[in-house]
Amino acid sequence: MPSVKTVEEMILSLPKQEAAIVKRLRGLVFECLPLATEKPYYGLGVPYYWRRRQICYTFPSSALYGADDEEHGKNVTLGFCQGDKMSNENGILKVEGRKQVRVMYFSSLRDIKEDQVRALLFEASMIDDSFTGRKRKAES
C-alpha cells in the first residue's frame with residue numbers, strides 16, 4: 001500500500017467496512033478525549049491520540065497489509081498505549097504478550113459497544129492525566 005500522509009487519506013484508502021469502523025472509533029475518541037491531539041504515524045496515516053503521552057490508536061489491518069490481504073483479516077485495532085495501567089476487570093482488553101499496550105479488535109460496526117469503549121477511553125484519559133508534566137527517563 002502506498003504511503004499516505006494524513007488520517008483522512010488513510011481512511012479514504014480503506015475498504016468500506018474498515019473505513020466505517022475507523023470513523024466511528026475516531027468519533028468516540030474525539031468525544032471522550034477532546035483535549036487529545038491526533039497524529040498520523042508510520043507514513044500510513046494511522047491515527048495516534050496524544051495529550052501528555054500516547055493515549056490510544058486505531059489501526060486498520062488494511063493500512064498495513066492492503067485491502068486485498070486475506071491472511072490478516074479485516075479488522076480494526078483499538079490500542080491503549082498505557083493499557084497495563086488500566087483495570088481490565090472483565091478481560092475485554094487483550095494482552096497478547098505485550099508489556100504495556102492492550103488492544104481490542106473490531107470487524108464490524110456491530111462489534112463496537114459504544115458505552116464500553118467510552119468507559120475505556122475515559123479511563124485511559126485519567127491515566128494520561130496522572131502523568132502531569134512528568135516525562136519518562138528516556139525522554140529527559
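How many residues does α4 have, and how far does α4 reach from its first C-alpha to its last? Helix α4 has 16 residues and reaches 22 Å between those two atoms. That is close to the 22 Å expected at 1.5 Å a residue. The expected span is 1.5 Å times one less than the number of residues in the helix.

A few ground rules come next. This is a predicted model, in which local features need pLDDT of at least 70, side-chain atom pairs count only at pLDDT 80 or more, and totals for chains, interfaces and linings use all residues. Residues are numbered from 1 along each chain as its sequence is written, and side-chain values use heavy atoms, with hydrogens and water left out. Helices (H or I, at least four residues) and strands (E, at least two) are DSSP runs, numbered from the N terminus.

Start with the sheet. Five strands make an open sheet, in the order β1-β2-β3-β4-β5, with antiparallel pairing. Two strands pair if DSSP finds at least two bridges between them. Strands β1 (37-41) and β5 (102-106) stand at the edges with a single partner strand each, so one side of each has no neighbour in the sheet. From one strand to the next, the twist averages 20°. Angles run from 0 to 180 degrees between N-to-C directions, and axes are lines fitted to C-alpha atoms, for helices over the stretch in contact.

Now walk across the strands. Five bridges join β1 to β2 (residues 46-50). Thr37 has Trp50 of β2 as its bridge partner. Four residues lie between β1 and β2 in their hairpin, and Tyr42 in the turn has a positive phi of about 65°. Next, β2 joins β3 by three bridges, and a hairpin of three residues links them. Here Trp50 has Gln54 of β3 as its bridge partner. Then β3 and β4 pair over five bridges. Phe59 stands opposite Thr77 in β4.

Which strands are enclosed? Buried means under 20% relative accessible area, exposed over 50%, and partly exposed in between (1.4 Å probe, protein chains only). Six of the seven residues of β3 are buried, so β3 is largely enclosed by the rest of the structure. Strand β2 is also largely enclosed, because four of its five residues are buried.

Back to the opening helix. Helix α4 (residues 114-129) lies across β3 (54-60), β4 (76-80) and β5, at about 35° to β4. Its buried residues include Val117, Leu120, Leu121 and Ile127. The buried residues of α4 pack against α2, β3, β4 and β5. Contact means heavy atoms within 4.5 Å.

In soluble globular proteins, nonpolar side chains tend to be buried together. A nonpolar core here is a set of buried Ala, Val, Leu, Ile, Met, Phe, Trp, Tyr and Cys residues joined through side-chain atoms within 4.5 Å. The largest one has 39 residues, and Cys56, Val117 and Leu121 are among those with the most contacts inside it. Elements giving two or more residues to this core include α1 (7-13), α2 (16-32) and α4. Helix α2 gives the most, with seven.

Last, the cysteines. How many disulfides are there? The count is zero, where a disulfide is a pair of cysteine sulfur atoms within 2.5 Å. The sulfur of Cys32 is 9.4 Å from its closest cysteine sulfur, in Cys56, too far for a bond. The closest cysteine sulfur to that of Cys56 is in Cys81, at 6.8 Å, also too far. Cys32 is buried at 4% relative accessibility, and Cys56 is buried at 0%.
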